[in-house]
Amino acid sequence: MNETNTAADEASSPLGGLTIDFSADGGSKAPAGGSFGFSPIAIESGAVAAPGGPSSQSARGGRTHTKLLVIGSGPAGLTAAIYGARANLEPVVLAGSAPGGQLMITSDVENYPGFPDGIQGPDLMALFRAQAERFGTHIEDVDVDRVDLTGRPFHAWARGVEYTAEAVIVATGASALWLGIESETRLRGRGVSACATCDGFFFRDKEIAVVGGGDTAFEEALFLTRFATKVHMLHRRESFRASKIMQDRAVAHPKIDIHPNIVVEEVLGEHHVEALQLRNTASGEVDRMDVQGLFIAIGYKPNTQIFGGWLDIDPMGYLVVRDETGSKIDGVFIAGDVHDHRYRQAVTAAGDGSKAAIDAERWLESQGVTEASTATAW
Ligand SMILES: Cc1cc2nc3c(=O)[nH]c(=O)nc-3n(C[C@H](O)[C@H](O)[C@H](O)COP(=O)(O)OP(=O)(O)OC[C@H]3O[C@@H](n4cnc5c(N)ncnc54)[C@H](O)[C@@H]3O)c2cc1C
């Protein structure tokens, strides 16, 4: 189990383009609905385009030179693409190996405006993608391995193909850290979550567990007390890294029980979470805890590795923005969870994507790029 609070998948799209696995049951993230043997313990504390020239084609036939290159295809990247395409920037999106981003691994999304009955995460991202493609965005589901952001044109390489662009929007997001056990993956969206703000509502009157020992875990546990009847905090160590004030609040809360020296070995349940198999790291004792939900709050890993040396990265691993969506390099913009560890929501990431595209369009205009098309139809 990798614990850090520092920085911290796919259904056949009815809309085309996306390869999504609708294997999620399409049902609720919420559980269907304990006893626990450990006593709660109080805690102490390719083809190269000519720069600025006409568009080039990759071996796969897509564009390799564009006015606007978007790296990442979550809510931030695809919203940037929609705005960029509608501003005639003919965007190319390098979508990464997780096209659609984090919402592809969740089921019900009930807080994205415009969907009063809620929508499945993969369905929402299929709509984002279809809307971006409708206005001429070209999308390649490839990971960028390397960038050169020295200046216009900017360069990015993916699977041996070189892409060049007059402006770049970085929207590579952040990946939630998971325990790494098969049963956890199988029950994601069926009682297992990594986002209390997103999914807490589904656990009204349920008994749940939160894994983690940092401030994020304590914040999530305290938030979840609004819905759950009982919140068990599970931490593999004796002491917690969270601030004393957060720990004190949790200890004082009647709905929170704190269990140090505990690891989750298995998430039990066929179609939804029914219980956890736990092991006490001090005594070796194995026991079962009946819960209907499991929140993993062990941190996020921002996807910033390829930008090291080019863009400023804060001590938690997130990109540093200047003036809303800018970076230290003129013409390189940043949007979404790759910099935002405060809100981490689809709607805020999408809002960021729109801002980044508007900023990129204005910057390109200031550079005299917008009027002269550098890309032709593909
Ligand atoms: C389990 C879970 C449930 C959630 N539920 C909700 C919810 O109900 N409502 C809500 O508002 N929010 C929810 N969220 C949060 C929401 O998913 C994120 O805030 C949002 O997806 C962030 O969007 P983003 O575009 O910034 O990044 P992401 O969605 O993380 O997308 C990042 C993109 O970058 C790509 N990428 C990464 N590295 C590279 C690379 N090297 N080259 C090319 N591409 C790359 C990835 O493939 C991906 O497409 C949930 C999150 C989780 C983990």
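Q: Is Asp205 buried or exposed?
A: This is a predicted model, in which local features need pLDDT of at least 70, side-chain atom pairs count only at pLDDT 80 or more, and totals for chains, interfaces and linings use all residues. Numbering starts from 1 along each chain as its sequence is written. A residue is buried if 20 or more other C-beta atoms (placed from the backbone) lie within 10 Å of its own, exposed if 12 or fewer, and partly exposed in between. Asp205 has 9 other C-beta atoms within 10 Å, so this residue is exposed.

Q: What is the phi of Asp205?
A: Asp205 belongs to the loop between helix H4 (196-199) and strand S13 (207-211); helices (H or I, at least four residues) and strands (E, at least two) are DSSP runs, numbered from the N terminus. Most residues other than glycine have a negative phi. Asp205 is not a glycine, yet its phi is positive, near 65°.

Q: Where does Asp323, a residue with positive phi, lie?
A: The phi of Asp323 is near 50°. With 7 C-beta neighbours inside 10 Å, Asp323 counts as exposed. Its place is the loop between strand S20 (300-302) and strand S21 (332-334).

Q: How many bridges join S8 and S9?
A: A hairpin of 5 residues links S8 to S9, and strands pair if DSSP finds at least two bridges between them. The pairing is antiparallel, and its bridges number 3.

Q: Which residue stands opposite Ala156 in S10?
A: S9 also pairs with strand S10 (residues 161-170), antiparallel over 5 bridges. Their hairpin has 2 residues between the strands, and Arg159 takes a positive phi near 45° there. Ala156 is on the covered face of S9 along with Phe154 and Ala158, while His155 and Trp157 form the uncovered face. Opposite Ala156 stands Tyr163.

Q: How many residues of the shell around the ligand are charged?
A: The shell holds 43 residues, with Gly74 and Gly336 among the closest; belonging to it takes a C-beta atom, placed from the backbone, within 6 Å. Asp, Glu, Lys and Arg count as charged, Ala, Val, Leu, Ile, Met, Phe, Trp, Tyr, Cys and Pro as nonpolar, and the others, Gly among them, as polar. The shell divides into 23 nonpolar, 17 polar and, for the charged group, 3.

Q: Why does the ligand lie between two domains?
A: The elements that give two or more residues to the shell are helix H1 (75-86), strand S11 (174-176) and helix H7 (346-366). Domain bounds come from an automatic or database assignment. The ligand lies between the domains because its shell takes residues from both domain 1 and domain 2.
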